[in-house]
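Subject: Structure handover

Hello,

Please find the structure below, followed by my notes on what was found in it.

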Amino acid sequence: MRTDFDEQWEELAAEVLSGMKEWRLQHPKASLREIEGALDERLGKMRARMLEDAALASAAANLKAAGATEEARCRECGGKLEERAVGVRHLLTQQNQLLELERSYGVCSGCGAGVFPPG
Ligand SMILES: [Zn+2]
């Protein structure tokens with residue numbers, strides 16, 4: 001499984017670091033609690049993005065695995081399965097960050113049957 005998390009996540013982390021540094025310069029008299037709040041806000045966003053990226057990667061891996069075991073063929077007619085997106089699923093994380101996960105599934109080009117990946 002190939003991922004390009006490294007670059008995306010390094011960017012995310014850099015945003016947190018530079019954003020926090022900037023915030024600190026703009027709030028030289030901030031209390032510990034205020035600093036903590038600003039940090040949590042930024043880390044929470046990074047956390048949600050990382051969770052989203054990682055969850056999407058496993059969803060994609062699921063469909064590929066399902067396709068591999070069934071050779072991406074329809075069980076009913078043997079037609080070729082094509083990947084389709086079925087919209088976005090919204091989830092709320094433990095820290096109330098909204099995640100958008102795209103669900104995908106296979107559709108038979110012959111009879112139109114849908115094959116959903118497990119999970
Ligand atoms: Zn079919």
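Arg49 is partly exposed, because its relative accessible area is 34%, a value that lies between the limits of 20% and 50%. Bear in mind that this, like everything below, comes from a predicted model. Arg49 forms a salt bridge with Asp53, and the closest N and O atoms of the pair are 3.9 Å apart. Both Arg49 and Asp53 lie in helix H2, 4 residues apart, which is about one turn of the helix.

Asp53 itself sits in helix H2, which covers residues 32-69. Is Asp53 buried or exposed? Asp53 has 11% relative accessibility and therefore counts as buried, the cut-off for buried being under 20%. Besides the salt bridge with Arg49, the side chain of Asp53 makes a polar contact with the side chain of Trp9, at 3.0 Å. If residues up to four places away in sequence are not counted, Asp53 touches Phe5, Gln8 and Trp9.

The structure holds 2 salt bridges. Besides Arg49 with Asp53, the side chains of Lys45 and Glu41 meet in one, at 3.6 Å from N to O. Lys45 and Glu41 also both lie in helix H2, 4 residues apart, about one turn of the helix. Lys45 counts as partly exposed because its relative accessibility is 48%, and Glu41 counts as partly exposed because its value is 45%. As background, side chains of opposite charge can pair when their charged atoms come close.

Next, the metal site. Which residues coordinate the zinc ion? They are Cys74, Cys77, Cys108 and Cys111, each through its SG atom, at 2.3 to 2.4 Å. The angles among the 4 donor atoms run from 98 to 120°, and the site of the zinc ion is tetrahedral. Along the sequence, the spacing of the donor residues is C-x2-C-x30-C-x2-C. Cys74 counts as buried because its relative accessibility is 6%. Cys77, at 44% relative accessibility, therefore counts as partly exposed.

Ala113 is found in the loop between strand E2 (98-108) and strand E3 (114-115). Its relative accessible area is 24%, so Ala113 is partly exposed. Leaving aside neighbours within four places in sequence, Ala113 is in contact with Cys74, Gly106, Val107 and Cys108; of these, Cys74 and Cys108 are also among the residues that coordinate the zinc ion. Ala113 and Arg75 are 38 residues apart in sequence, and their C-alpha atoms are 8.9 Å apart in space.

Finally, the chain as a whole. The chain has 2 helices and 3 strands, and from the N terminus on these elements run α-α-β-β-β. Of the 119 residues in the chain, 24% are buried. The accessible surface of the chain comes to about 8,700 Å², and carbon and sulfur atoms account for 52% of that surface. Among contacts in the chain with a separation of 6 or more, 49% are between residues 24 or more positions apart.

Regards

Definitions and conventions. Residues are numbered from 1 along each chain as its sequence is written. This is a predicted model: local features need pLDDT of at least 70, side-chain atom pairs count only at pLDDT 80 or more; totals for chains, interfaces and linings use all residues. Side-chain values use heavy atoms; hydrogens and water are left out. Donors are N, O and S atoms within 2.8 Å of the metal (3.2 Å for Na, K and Ca); water is not among the atoms, so sites may look incomplete. Four donors count as tetrahedral if all angles lie between 85 and 135 degrees; four count as square planar and six as octahedral if opposite donors are over 155 degrees apart and all others between 65 and 115; anything else is irregular. Buried means under 20% relative accessible area, exposed over 50%, partly exposed in between (1.4 Å probe, protein chains only). A polar contact is a pair of N or O atoms within 3.5 Å; within protein, one must be able to donate a hydrogen and the other to accept it, and residues adjacent in sequence count only if both atoms are side-chain atoms. Contact means heavy atoms within 4.5 Å. Accessible areas come from the Shrake-Rupley method with a 1.4 Å probe; for residues, only the protein chains shown count as cover. A salt bridge is a side-chain nitrogen of Lys or Arg within 4 Å of a carboxyl oxygen of Asp or Glu.
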